[in-house]
Amino acid sequence: MSQVVTSGSFLTLHYRLAGPAGDIINTFADKPATLSLGTGELSPAMEQRLMGLEEGTHATFELPAGEAFGERNPDMQQWVARTLLAKMGDPDEQYAVGDVVQFPTPDGSGSYAGAVVESNETGVRFDFNHPLAGQPVTFEVKLIGVL
């Protein structure tokens with residue numbers, strides 16, 4: 001009997017996340033991903049789509065704009081002083097619009113990404129919204145194993 005996805009399931013799967021501009025994540029050409037439901041690795045809207053699916057299922061879901069990663073939040077765009085960027089990384093680094101830069105979390109345990117929106121002599125403005133925030137998302141999944 002096939003296993004069915006429930007909250008707390010541990011999954012081995014291939015998945016693809018795409019927005020209007022194309023794929024953001026696609027594991028189909030590579031090794032599959034493993035993740036646990038309910039730990040924040042997938043957004044609640046995407047976890048909801050997986051509930052009740054059987055092992056072996058290959059499905060594609062279209063999530064409306066804003067559902068997968070929330071709406072774009074203008075407060076998530078912030079200026080970062082070039083002096084701070086120089087301390088964090090390469091002082092000679094050039095920041096071009098569209099570049100994605102990783103920042104350490106305050107406790108140093110992880111990182112988060114910001115995309116360059118604009119820059120001037122003293123700072124760079126980053127957008128810390130998820131790249132798919134406020135956009136429709138295609139979520140394709142192939143469940144290989146469910147524990």
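These are my notebook entries on one predicted protein chain.

**Entry 1: the model.** I worked with a predicted model, in which local features need pLDDT of at least 70 and side-chain atom pairs count only at pLDDT 80 or more, while totals for chains, interfaces and linings use all residues. Residues are numbered from 1 along each chain as its sequence is written, and side-chain values use heavy atoms, with hydrogens and water left out.

**Entry 2: the whole chain.** I looked up the secondary structure and found 2 helices and 9 strands; helices (H or I, at least four residues) and strands (E, at least two) are DSSP runs, numbered from the N terminus. I noted their order from the N terminus as β-β-β-α-β-β-α-β-β-β-β. The C-alpha trace spans about 60 × 30 × 25 Å along its principal axes. Of the 147 residues, 35% count as buried, that is, under 20% relative accessible area, where exposed means over 50% and partly exposed lies in between (1.4 Å probe, protein chains only).

**Entry 3: the annotated region.** I found that an unreviewed UniProt entry gives residues 8–73 the annotation "domain: PPIase FKBP-type". UniProt positions are given in the numbering used here, feature names are shortened, and annotations may be inferred rather than shown by experiment. Over residues 8–73 I recorded 11% helix and 38% strand, with the end C-alpha atoms 30 Å apart.

**Entry 4: the loop between β3 and α1.** I located Gly-40 in the loop between β3 (33–36) and α1 (44–50), and Ser-43 also lies in the loop between β3 and α1. Gly-40 counts as exposed because its relative accessibility is 60%, whereas Ser-43 counts as buried because its value is 10%. I then looked for the contacts of Ser-43: leaving out residues up to four places away in sequence, Ser-43 touches Ala-68 and Phe-69, contact meaning heavy atoms within 4.5 Å. Gly-40 and Ala-68 are 28 residues apart in sequence and 12 Å apart in space, C-alpha to C-alpha.

**Entry 5: strand β8.** I checked strand β8 (residues 123–127) and found 5 of its 5 residues buried. Gly-123, Arg-125 and Asp-127 lie on one side, Val-124 and Phe-126 on the other, and both faces are covered. Strand β5 (residues 77–81) pairs with β8 in the antiparallel sense over 5 bridges; two strands pair if DSSP finds at least two bridges between them. In this pairing I saw Val-80 opposite Val-124 in β8. Strand β7 (residues 111–119) also runs antiparallel to β8, joined by 4 bridges, and Val-116 stands opposite Phe-126 in β8. A hairpin through 3 residues joins β7 to β8.
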